[in-house]
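Here are my notes on the model you sent over. Have it open while you read.

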Amino acid sequence: MSKKETPAGPRPLGKSLPPSQDEAEKRRQEKLREDGQRMVSRIREAEAVGVSPELVAAAVRYSGAELPLAWLSSELPAVVEAVAELATQRGQAEPGGGLGAVTVPEAHEAWVESQGDLDEAVARCLSNRRSKVRELQALGFGERGPVLQALYQNGGDVWQALSQLQRLLLEPFHRRLWEPEEPPIDFHSPDRQALLRRLLASLTLP
Amino acid sequence: QAALRILLRESCYPASEISMKVGVEDAACSANITIKVHPNTTIALLRHQVFQDYGFHPSVQRWIIGQCLCVDDRSVGSYGIRKDGDTAFLYLLSAKRAKLSE
């Protein structure tokens, strides 16, 4: 590709192709370039107002809108809510206590990841929820109810949900913190390691 | 004479956060939780993080990793925390012992 091509100039490949095919090929390339350029300018416009390229692409693919930014601000909320609602409904059928209410941030993320495909977005919401529930289960929270509630309250953020669940778990430690008397150190405790840690922590060595 | 301090460069640590197991203990009980840390997080920062997330004042927290009672300016990585599932212990002193007042 060292030679600079001009549209009117002779092309070495052109000779082997019949004129109509040559013309079609030229049009295809031209369209590819134009479409690409249009997308770039949309993305540039979106970036200026803090909207990601992925969100623009999803909007264009879902709606075919000429002005994806305008579409995103007027139509997207309803689409995302529909995804959340569908996913919530379908999640109820999940064995073992359902998957709980799917939140708007989760639906939004799934919709973008699915590049604007509604059905795929719903399926993605459900599979994300499943793996979040499994993850929290593996971290010691096997009871479905509190897990689903924590996920809902934290917009599906698994780490924030985990923090919330663990805060509840550590509540008794807060209470004991203020108790006037500590239990005496039992030097005959079977858990030598725990005893050692208590000594190490409370003697405040240099 | 001058004090020598050695800090590993950030690039020596794995780049991403790891999920560290924490055995929380006080004089009476223990419980297990998991928290997210960078291996290059200092103990001081970890204390602050746990204060923010769980409300235990930094002065009642004593971190124990391996056989060490951890000091503030070292990183968790320097005590050997490297991978998901590595364990640290958080011993909580009583408020009285830590001379903390409400």
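1. Ground rules. This is a predicted model, where local features need pLDDT of at least 70 and side-chain atom pairs count only at pLDDT 80 or more, while totals for chains, interfaces and linings use all residues. Residues are numbered from 1 along each chain as its sequence is written, chains are lettered from A and ligands numbered from 1 in the order written, and side-chain values use heavy atoms, with hydrogens and water left out.

2. Length of H6(A). Helices here are DSSP runs (H or I, at least four residues), numbered from the N terminus. The 21 residues of H6 (residues 118–138) in chain A should span 30 Å at 1.5 Å a residue, and the end C-alpha atoms are 30 Å apart, so the two agree. The expected span is 1.5 Å times one less than the number of residues.

3. Its two sides. Buried means under 20% relative accessible area and exposed over 50%, with partly exposed in between (1.4 Å probe, protein chains only). The buried set in H6(A) includes A:Cys125, A:Arg129 and A:Lys132. Down the axis of H6(A), the buried residues fall within an arc of 135 degrees, so they line one face; the arc is taken from the directions from helix axis to C-beta atoms. Turned away from that side are the exposed residues A:Asp119, A:Arg134 and A:Ala138.

4. Ends of H6(A). At the start, a side-chain oxygen of A:Asp117 comes to within 3.1 Å of the backbone nitrogen of A:Asp119. Just after the helix, A:Gly140 has a positive phi of about 105 degrees.

5. A loop glutamate. Is A:Glu94 buried or exposed? At 19% relative accessibility, A:Glu94 counts as buried. A:Glu94 sits in the loop between H4 and H5 of chain A. Leaving aside neighbours within four places in sequence, A:Glu94 is in contact (heavy atoms within 4.5 Å) with A:Leu99 and A:Arg130.

6. The A/B interface. Here 24 residues of chain A are in contact with 35 residues of chain B. The two chains bury about 2,800 Å² between them, 66% of it on carbon and sulfur atoms; this is the accessible area (1.4 Å probe) lost on being put together, summed over both. In chain A, A:Phe173, A:Leu177 and A:Arg197 lose the most area to chain B, together 23% of what that side buries.

7. Charges across it. The rule finds two salt bridges between chains A and B, a salt bridge being a Lys or Arg side-chain nitrogen within 4 Å of an Asp or Glu carboxyl oxygen. A:Arg197 and B:Glu25 meet in a salt bridge (2.7 Å, N to O).

How values were computed: Helices (H or I, at least four residues) and strands (E, at least two) are DSSP runs, numbered from the N terminus. A polar contact is a pair of N or O atoms within 3.5 Å; within protein, one must be able to donate a hydrogen and the other to accept it, and residues adjacent in sequence count only if both atoms are side-chain atoms.
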